[in-house]
Structure formats: C-alpha cells, structure tokens
Amino acid sequence: MSAHPATITTPIYYVNDRPHIGHAYTTTLCDVWARTMRLRGRSVFFLTGTDEHGVKVEKSAAARGITPRALADENAAEFKRVMSLFGLSNDDFIRTTEPRHERRVQALVKRLHEGGSVYLGTFEGWYDEGQEEYYTETKAKELNYQSPVNGRPLVRATEKNYYFRLSAFQERLQQHFADHPHFVQPSARQNEVLGRLREGLQDVPITRTNFTWGIPFPGDPQHVIYVWIDALFNYITALGVGEPNSDAARERACHWPADFHVIGKEILWFHAVIWPALLMALELPLPKRIHAHSFWIADGQKMSKSLGNFIDLPSIEGYFAHYGLDAWRWYMATQGPLTTTDADFSAKHFHETYTNDLVNTVGNCASRVGAMIGKYFGGTLPEDAERGGPWPDRCASAVRQWCNHMDAFELAAAARCGIDLLRQIDGMINETEPFKLAKDPANLPRLASILSQCAQTVRVAGVLLEPFMPSKMSALADGFGGDTCRHAPWEARSAYGHMQPGCAVAKLALFPRVEPIGKVLAG
Ligand code: ME8
C-alpha cells in the first residue's frame, strides 16, 4: 500500500449561521474525494471546521444576549453533529477558537511582521460590514457603493491598522498562475482572478480595532487579527505549521501542501490571491489546486430564507428519511454546481435522478444479475470459459478514467464511469437474453460465462461508486464476493476477476422504488 499523502479541505463555516445545503454540498464533495483516495491506498487528511471570530459573531451573540463563545460553542456543536449525520469522514475538525489554532496564528503573524511583510499603516476607504471586506475608492465606485453580496451601502472607514504587503506579491502571483494553468479550477475562474490581479494589488489591512472577538495581534493586543486572515490559516494550523515541535507538526507535516481547497465561488479571491501571497511571504509551498464551485439555487432564484426556498437542515433530513443518505450524496455529487453554472435544486429532479440512476440502473442491474445467478447456479459464481470476454478491458478502462476524473476533481464524470459500466451490462443482458438461453441445457457454458461477466463487472462498478454511496455499496460488496473482496488492496479490488468461481452472489434490493417526495410532503 502506498502511503502517498492526499489532503483536501472545505472552507471553515461561519458559526453565526445554521448548517444548510451549501455546507452539506461542499463537505460532501470533499468526502467523496477523501474516500476515493483512501480506497486507493493513499494516506488522507480531510479537514473541515468552523470560523468563529469576527464582528458578525460578536453581533449575533449580542442580539441573543449571550457571549460570542457561547454562540460559537452552540453552533460548532451543531456543525459537528451534522457532519456525523451526513456520514462525513473528515479526519479533523478545526475551530478557530481552539488554543492550538490561536497560538499558531499568532506565531505565523509574528513571523510575517518580523519578516517585514506586515507593517503599521493608515487606511482610508470603504467597508462592507456584512462581508467584513474593505474596498478601494475605484472598486467601491464600480460597486455603486453597495455591498455586492447583500446590497447594503458601504460605509466610509479610516483606521490605523497592520497591513499585509500584498502589493509586493503581484508579479510572483502572476508568474504562479502562468506556471500553473490549473491552479484555480474551473479554468474560467482562473481567468477571472487573473483579470482582477492584472488591475493591480494594494496592501490589505489584516487587523481591526473596532471589536474584540478575535485573536490579538502579537505584541499589540489592542489590534485583533482580521477574521479572514485568522480563518485562512486554519488550513495549516491544523497541520501544526507555526509550531514545529507540536505533535501535529510531527505527524501531519507531510499533508502540506493540500491537493485541493474546495470552496464556493464567492470566496475565491481570498483563496486564490491573498492566501497564496501569505504563504509566499512565509516561504511555504502553495496548495496544489483550488476548486471553486458555483451555487445551488432553487427554482432559478438565489436560495434565501425570506423567499422560503432555502434547503435547510430539516428539509435535508426529510430527503434522508425518504430516499436515504446515499441517495442524497449521489444527488449532491452528480447533479450539483461543480463547475461554473449554478444548479437548480428541485424535488422533481431529485426524484428523477434517484429513479433513473439508482433504482433503474444500479439497483436493477445488481438485483437481476444476483437473481439469475441464484436461479440458474444456486447463488454461486459460475466458471467463465470465455475468461471475461471484452469485460476485463472495459472494466480496466473505466477504472483508469475514473481515477483520472477523481484526480481532477471531476466527480460527476467519475460517477458516470461506474454507471456506464452498469448500463453496458444491462445492454448485454437485453441482447443475450440469458433467461431464454437457460431453457436449453446445451447453452449452459455460455450462460455461465455471461452471468459471470455480469457479476464481475457489477462488483467493479460497485467499487467505483463506493465513495459516493458508502453504505449501499458496502451492501453490494457483501453480496458480490463478500469479505475476500472487501479487504483486498486497491489494485486487486479494482481489478476484473477478483471474485473466484464458487463464491456467493446474492440477490439484493438496494434502492426501493418510492413515491416522489413532493407527494409525501403534501400528505
Ligand atoms: O465563507 N451553494 O463561510 P460560510 C453551494 N467562513 N455552496 C454554498 C452555498 C450555496 N447556495 N452557500 C454556501 C465562509 N455554500 C467563511 C470561509 S474559509 C477560510 C472561510 C458553501 O459559512 C460554499 O462552500 O459563509 C461557500 O464557500 C461556503 O458554504 C461559505 O460558508
């Protein structure tokens, strides 16, 4: 087994919000990738967590008459509960209020200050209170002095603050983009960032003095480290960077740089420009790729609580109860806004996807193959005198393509590799009509070959679908070859022919046909 490390991160989520479909989406994508890499024998570090400082949390807590820490504790616990509800396999969950994070952020900021990348200066410009983001005059004018996110007026701001010398990294950043054309994906997003980068970079304030709920600036505690800087550092504080003698640093150092930071498109600038510049200033390697997905919308509109079209946690739980967790994961990973277009969440589309992919393809294929082996061969895998015919090659090619897609974070395309194998098996069954062949004993060797090829291929497809639907595909693996196949190393598990003649093949009912959820909800 190769222990080649693989690292993936989600954004850390603000604790002033309740978990919703957006959080579930990004985290599920990362989970599918993390499970894939574990399956392939890689040593995986999958990180998620919560972003707990800043004026927004301070204000929400004040509005409820509780301390920011109490609010953070309450909502961080809720995010953790949700992670386990979704079957997410994260290796760590970092909270920015944890001492390990705070200590390491201070050490890193101190290093930036001592190295001359941070200095004390005065800022005059425009501030977006909701986003906690500063804009220059030019940018503010372009935005019509309104927040691009919530439309509220920008406010005039003058402040003495510590600044990060972002402008000093302009050329190095441009060079990095030129040398790494896939640094930001999809590529249209890389072009967007590059366009804005070419307009020129200005130094950015990295401390605030107008609130206290944050990490004190080392050596000048009246200043609090800006929440975005604090938050970005989570990706390395969890690995012990900034504290070389910590256990985390010893055990997890090999996990930096990350293979992927997966984020929503609205936070791309922070991840594609500010974060890399901070890492350059610290002389640390940059993440390999940043994948910025688009948004789930509902009925063509932005999801919002006031429109009542928000897919919140109770609605998600309704889908779990009706279709099962794996069906939810399948819909997220294969029908979501993985590239540059937003994806519409609709109950009707969910139902169609469930029925077409899971009931009619995965479930049906596994059940008919299992049923025929049960009927004609007593539930054990028959010998195949044709040695797999074209199927070993087809499976090998599907596995190869699946690996390539997964390496590039093309999850929906990877999922198709598994589904396509099953559709081809369905095609062979329809064409060769094993139930007719079975009527004449002279056809027995041919029937044995066909059903063996079906079963071996269904098992391989199940392996490719496992990261998407871990529990259903575990049931499939149990039914198709059982233990001997389940615990084999990747090379063997993914190979055609891993099931031995004589091993048990069960008839499974994986995905029941159900009513559309709309009807159920309407009572
Ligand atoms: O931005 N569709 O946290 P956040 C898809 N704390 N994904 C969505 C979505 C939607 N409609 N809405 C939200 C923050 N998301 C910062 C991040 S990182 C160092 C700090 C997802 O709680 C998407 O991944 O607002 C987006 O980037 C994230 O939630 C924002 O979560």
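**Notes on the predicted model: sheet, fold and ligand site**

1. Strands here are DSSP runs (E, at least two residues), and helices are H or I runs of at least four, both numbered from the N terminus. Two strands count as paired if DSSP finds at least two bridges between them.

2. Before going on, the ground rules. This is a predicted model, where local features need pLDDT of at least 70 and side-chain atom pairs count only at pLDDT 80 or more, while totals for chains, interfaces and linings use all residues. Residues are numbered from 1 along each chain as its sequence is written, and side-chain values use heavy atoms, with hydrogens and water left out.

3. Back to the sheet. It is open, with six parallel-paired strands in the order β3-β2-β1-β12-β13-β7. β3 (92–95) and β7 (184–185) are the edge strands, each pairing on one side only.

4. On the fold overall, the chain has 22 helices and 16 strands. Its radius of gyration is 26 Å, close to the 24 Å that the globule rule gives for 523 residues, so the chain is as compact as a globular protein of that length. (The radius is taken over C-alpha atoms; the rule is 2.2 Å times the number of residues to the power 0.38.) The C-alpha trace spans about 90 × 50 × 40 Å along its principal axes.

5. Now the ligand. It is surrounded by 21 residues, the closest being Ile12, Tyr14, Thr26, Asp51 and Gly264; the cut-off is a heavy atom within 4 Å. By class, that shell holds eleven nonpolar, eight polar and two charged residues. For this count, Asp, Glu, Lys and Arg are charged, Ala, Val, Leu, Ile, Met, Phe, Trp, Tyr, Cys and Pro are nonpolar, and the others, Gly among them, are polar.

6. Which elements build the shell? β1 (5–14), α1 (21–39) and α8 (227–232) each supply at least two residues, and the largest share, four residues, comes from β1.

7. A nitrogen atom of the ligand lies 2.8 Å from a backbone N or O atom of Ile12, and a ligand oxygen is 2.9 Å from a polar backbone atom of Tyr14. For Trp296, a polar backbone atom is 2.9 Å from a ligand nitrogen. Taken alone the ligand exposes 680 Å², of which the protein buries 91% (Shrake-Rupley areas, 1.4 Å probe).

Conventions. Polar contact = N/O pair within 3.5 Å; in protein donor to acceptor, adjacent residues only side chain to side chain.
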